[in-house]
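Please open the model in your viewer and keep the selection panel to hand. The stops below say what to select next and what is to be found there.

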Amino acid sequence: MSTLQFLADGFGIAFQWHNLLFAFVGVIIGTAVGVLPGIGPMSGVALLIPVTATITSGMPTSAAAASSIILLAGVYYGAMYGGSTTSILLNTPGESSSVVTTLDGYQMARQGRAGAALAISAIGSFCAGVISLIGLVLLAQPLSNVAIKFGPAEYFSLMLLGLAAVSGLAGKSMTKALMMTVFGLMLGTIGIDAVSGIARFTYNQPILFSGLEFLTIAVGLFALGEVFNTILERDKEDGAIAKINRILPTKQDMKDSAVPIVRGSLLGFFIGVLPGAGATLASFFSYITEKKFSKNPESFGKGNIAGVAGPESANNAASGGAMIPLLTLGIPGSGTTAILMGALIMYNVQPGPLLFDEHPDIAWGLIASMFIGNLMLLVLNMPLVRVFAKVIQTPKKYLLPIIIAISFFGVYAVQYTTFDLYLLLGCGVAGYLLSKNDYPVAPLVLALVLGPMIENNMRRALTISNGEFSIFFTKPLSLAFLIVAALWLLVPMLLKLKGRSVIVEDEG
Amino acid sequence: MWKKLTTVALASMLALSLAACSADESEGKAESTTSKYPESNITIVAPSGAGGGWDLTARAIAKSMSETKLIDKSVVVENKPGGGGAVYMAEFATKEIKNDYVLLVKSPPILINNNKAEGNSPYGYKDTTPLAQLTRDYGAIVVKADSEFKTLKDVLEAIKKDAKSVTLAGGSAPGSMDHLVGVLPAFEYGLDPKTVKYVSYDGGGEAVAALLGGNADVIATDASTIGAYMKSGDVRVLAVSASERLGGELTEVPTFKEEGIDAEFTIWRGIFGPKEMSETASDYWSEKLAEMVETDEWKAELEKNGWESEYRNADDFTTYLEEQDKVIVELLTALGMQK
């Protein structure tokens, strides 16, 4: 049978009325999980496994497995739709993959364009969902073969490229951005080293053994920092929020977003395929790329719609891409897919090379249901935009306590420790002081994500090569990434030497 | 200006009080566990990524317990990866010390991490309440299906010729279980185990990906988790560390002994409670686990995962751990890696 035939059979399964219902419930819960900070897709899916197991207990094993994985996957990609909501409205990222959305999304909301930002992220997510599914159908096998070829050297060079691109997140001063990058890298070294198992900078405090939680730091720096900022700089800020003129994006918005959505989707999909890279990285890469390709990069961070459309498409596409190594190799690429894999194993279905042969109904049923689920999400989310956009009109005196409460509950629900609450407070104060003095916090957050990955993969690669640094140059993919990284840094400098005006690298 | 300061003070008060009240909450929860155990959902932690041996064991327990209705509260599995299990061990032995609702699935690393010199974990089995041993598994030496290495001897000869030419990978840090399983044959073959090139990944799944992608020549992993990949024809298992041949997919695979290597390594897996677990809770679990291992659901799980059943109750398990602890110290000493 051809791929199309399999897909048609998959739709046959996905269109069974109970599976439509499962997909619908999945995406509704997913949207809620995404909107509520604290419950991420990972815990959302994990919490629902026992529930779906009970509901499907009367069905034959194979059908039960298909139905529950349809629901659970719905939660997974549904959460990616909802994740942007609090980032845009409250500057409070609910998931680590929507941290970067705060940069322009929140600025858009302050200019009265919250509706446009929310709508474009729903539209972008939908396009990304469809693009990544088409990729999943057509490219699953060849891509999984490329993904496993990705060794430590390739990962290292890719991450290094990400770090080189940090200039894209710089505000007025490159020097300050670099300082924040180094600070982020240093924070990333805290904890037990995964390569040797040795504790670093933990001062024998067990709470530090697992390192600092990325989400705590991001929420503190962005959300609480903004709260303190709003209170202290109130005189200037009063009345800064414009009235919402329209809910839906303008024609110009759509035009500006079309290319970033496509670029974000492709980028997100390919990064999602790599085990261990994930949606957070995809959204960062997309933002940086958009800024680099933009005709007026100085408008980023001030409410450029491309800065919302790109990353939101990317994180959604990444969740589709991450299904490839899971389904074809049995290798989970992220925490959430690991839990999905656990759910499949529970039904005695082993994801891996044999899945498409042994259980075509489950594999193709799932893929077909994801097309339907994405459509449901778009229909579901567009009316919600109207409701959510009103949130921004809430007076400050009510809004600020709500943001503080959401930040605290959100962080506590993820970490269950009071240490993280104090860390959150500390980061809030730091976030205020840093942004007051024009130190950009985004490079710090990016470095915190990339640092440990760069380090571990570099050490793995060097072990393989017996300490020869040439491994990074002799592997073609790795070399390609390094060249792009070098060009990224050098080209603007050369242009500057030639006297051309370059905005990004300007010394503040 | 005054008004501004008051607002800041109020906001900080609100924030601090939120921090404080959740502190009370978590402590209160830990202490109020006395009579009617269990009163809430129970978490079994697998201190690794999903798909590895600990993870599968934890999920098998959770599944059997809920299917047989032995425990009516839901049993949830959480993955807490890092440092070959040492990261979560520290949390378990300190933060969760009195929490009756968090259990841990562990295997020899609980002894190894506590005894090795580098990357030592200050916490060992003595910082837990051993509840039961449930299964045993063995280590396996695995290569890609199209590898030039046909037998374990081929690998060892290649290492002997040029140790730098062979990359051995595993899902845990140097000095931990995958590493020990991998270098044990080399040591017994008369090679210096320190020269064997070992790369650690975050969990067995990533190690398999490295093998399939050609980023590792040989991996050491659990015999039970490799079956599925062998069935699909992607990998070849060269030898297992059991005393006799295993069943299932691995019937054709020779033991270390058959390959002329006089060594064995048993990967037992058991479930632990926190050190200061209440007696009510530990008695409850001893009883439930003893019941569970007799059920058909549990036996089906064993069959499915290719594990061999080996049940020891809390007392026997503790004695066994004491013996094993000595064995591990001997092995590490021989490898020059002891504390």
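Helices (H or I, at least four residues) and strands (E, at least two) are DSSP runs, numbered from the N terminus. This is a predicted model, in which local features need pLDDT of at least 70 and side-chain atom pairs count only at pLDDT 80 or more, while totals for chains, interfaces and linings use all residues. Residues are numbered from 1 along each chain as its sequence is written, and chains are lettered from A and ligands numbered from 1 in the order in which they are written.

**Chain B as a whole**

Begin by selecting chain B, whose secondary structure comes to 11 helices and 10 strands. Colour domain 1 (42–135 + 268–334) and domain 2 (138–250) separately, bearing in mind that domain bounds come from an automatic or database domain assignment. The centres of these two domains of chain B, taken over C-alpha atoms, are 25 Å apart.

Of the 339 residues in chain B, 51% are buried; a residue is buried if 20 or more other C-beta atoms lie within 10 Å of its own, exposed if 12 or fewer, and partly exposed in between, with C-beta atoms placed from the backbone. Two residues are in contact if their C-beta atoms, placed from the backbone, lie within 7 Å, and among the contacts in chain B with a separation of 6 or more, 77% join residues 24 or more positions apart.

**Helix α6 of chain B**

The expected span of a helix is 1.5 Å times one less than its number of residues. Because 10 of the 12 residues of α6(B) are buried, this helix is largely enclosed by the rest of the structure; among those buried are Met177(B), His179(B), Leu180(B) and Pro185(B). Just after α6(B), stop at Gly190(B), which takes a positive phi of about 95°.

Next, pick Ser107(B), in the loop between β3 (102–106) and α4 (109–115) of chain B. Ser107(B) is buried, with 22 other C-beta atoms within 10 Å. Leaving aside residues up to four places away in sequence, Ser107(B) touches Gly53(B), Trp54(B), Met177(B), Ile267(B), Trp268(B) and Arg269(B). Thr135(B) is 28 residues from Ser107(B) in sequence and 9.7 Å from it in space, C-alpha to C-alpha.

Then move to Lys69(B), in the loop between α2 (53–67) and β2 (75–79) of chain B. Most residues other than glycine have a negative phi. Lys69(B), however, has a positive phi near 60°, and with 8 C-beta neighbours inside 10 Å it counts as exposed.

**Helix packing in chain A**

Turn to chain A and select helix α13 (residues 278–293) together with helix α14 (residues 306–321), whose axes come within 8 Å and cross at roughly 150°. Axes are lines fitted to C-alpha atoms, for helices over the stretch in contact, and angles run from 0 to 180 degrees between N-to-C directions. α13(A) and α14(A) are therefore roughly antiparallel to each other; angles under 35 degrees count as roughly parallel, over 145 as roughly antiparallel, 65 to 115 as roughly perpendicular and the rest as oblique. Where the two helices meet, the residues include Gly278(A), Ala282(A) and Phe285(A) in α13(A), and Gly310(A), Ala314(A) and Ala318(A) in α14(A).

**Last stops in chain A**

Which residues of α2(A) are buried? They include Asn19(A), Phe22(A), Ile29(A) and Val33(A). Helix α2 (residues 17–35) of chain A has 19 residues that should span 27 Å, in agreement with its end C-alpha atoms, which are 27 Å apart.

Asp438(A) lies in the loop between α20 (418–436) and α21 (442–464) of chain A, has a positive phi near 65°, and counts as exposed with 11 C-beta neighbours inside 10 Å.

Finish at Ala486(A), in helix α23 (residues 476–497) of chain A. Ala486(A) is partly exposed, with 13 other C-beta atoms within 10 Å.
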